[in-house]
Amino acid sequence: LAGKTITRIAIGAWHSCALTSDGVVVCWGYNHDGQLGDGTTTNRSVPVAVTGGALAGKTVTHVATSAWHSCALTQDGNVACWGGNDYGQLGDGTTTNSSVPVAVTGGALAGKTITHIAVGYFHSCALTSDGVVVCWGGNDYGQLGDGTTGSSSVPVAVTGGALAGKTVTRIDARGLHSCALTQDGTVACWGYNGYGQLGDGTTTNSSVPIAVTAGVLAGKTITRIAIGAWHSC
């Protein structure tokens, strides 16, 4: 980071990443699963550049991190991820960890242009240019939003439930759940709900998006969402 200008930061449970003005991702901290993306599993107390693998020659526009993996969105609308992959959260069709970025290109993302990314503990999500949410990775609690609880190492579309017929403009993912903001200013969430983080008045998990409309949000238009490991705002 010496002499660099930073435009974005993202932090996981035990590591941190930054995006520089020239489109390079730099990370530091815990690296047991390769989540720093420098080709090693060595912890780093100073920043190291993430430049190889699927990010070679690419300009990055956004970076997202979680506990054990990281993902980057490139200028050409593609996604690359690195780190832990026990549940397929890197989206490369395998469950093998990678200390260098691997491309996420198959499944429901084939031929799509990505505009935003978000990552949870064991899953990752992307927003396509046509307003569709696509997720991959761990799905024990329905956090992929495809109506199942089966994990997927390739992207699957989130199109049912409260998102049916909706255009999504923003997504977020943390812990074991995901949320989406739609063009009409409503929010839908899915996945783990043990603490009520899906906002539907229950503590029942959901594998399809459910609307967040009750309480003080009744009749309100939403402009931004953010979620933590066990709560949403």
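A contact here means heavy atoms within 4.5 Å. On that definition, and not counting residues up to four places away in sequence, Ser 232 touches His 177, Cys 179, Gln 197, Ala 226 and Ile 227. The model is predicted, and local features need pLDDT of at least 70, side-chain atom pairs count only at pLDDT 80 or more, and totals for chains, interfaces and linings use all residues. Residues are numbered from 1 along each chain as its sequence is written, and side-chain values use heavy atoms, with hydrogens and water left out.

- Ser 232 is located in the segment after strand E16 (206-212), where strands (E, at least two residues) are DSSP runs numbered from the N terminus.
- With a relative accessibility of 26%, Ser 232 counts as partly exposed, a class that falls between buried (under 20% relative accessible area) and exposed (over 50%), as computed with a 1.4 Å probe on protein chains only.
- The side chains of Ser 232 and His 177 are joined by a polar contact of 2.9 Å, that is, a pair of N or O atoms within 3.5 Å of which, within protein, one must be able to donate a hydrogen and the other to accept it, while residues adjacent in sequence count only if both atoms are side-chain atoms.
- Gln 197 is 35 residues from Ser 232 along the chain, with a C-alpha separation of 5.6 Å, and the backbone oxygen of Gln 197 lies 2.9 Å from a polar atom of the Ser 232 side chain.

**Salt bridges**

- The whole structure holds five salt bridges, each defined as a side-chain nitrogen of Lys or Arg within 4 Å of a carboxyl oxygen of Asp or Glu.
- One of them pairs the side chains of Lys 4 and Asp 22 at 2.7 Å, N to O; because Lys 4 lies in the segment before strand E1 (6-11) and Asp 22 in the loop between strands E2 (15-20) and E3 (25-29), the pair ties together parts that are 18 residues apart in sequence.
- Another joins Lys 58 to Asp 76 at 2.5 Å, N to O, linking the loop between strands E4 (44-50) and E5 (60-65) with the loop between strands E6 (69-74) and E7 (79-83), 18 residues apart.
- Asp 184 and Lys 166 also meet in a salt bridge, at 2.4 Å, N to O.

**Accessibility of the paired residues**

- Lys 4 is partly exposed at 40% relative accessible area, and Asp 22 is partly exposed at 42%.
- Asp 184 counts as partly exposed at 41% relative accessibility, as does Lys 166 at 30%.

Terms used. Helices (H or I, at least four residues) and strands (E, at least two) are DSSP runs, numbered from the N terminus.
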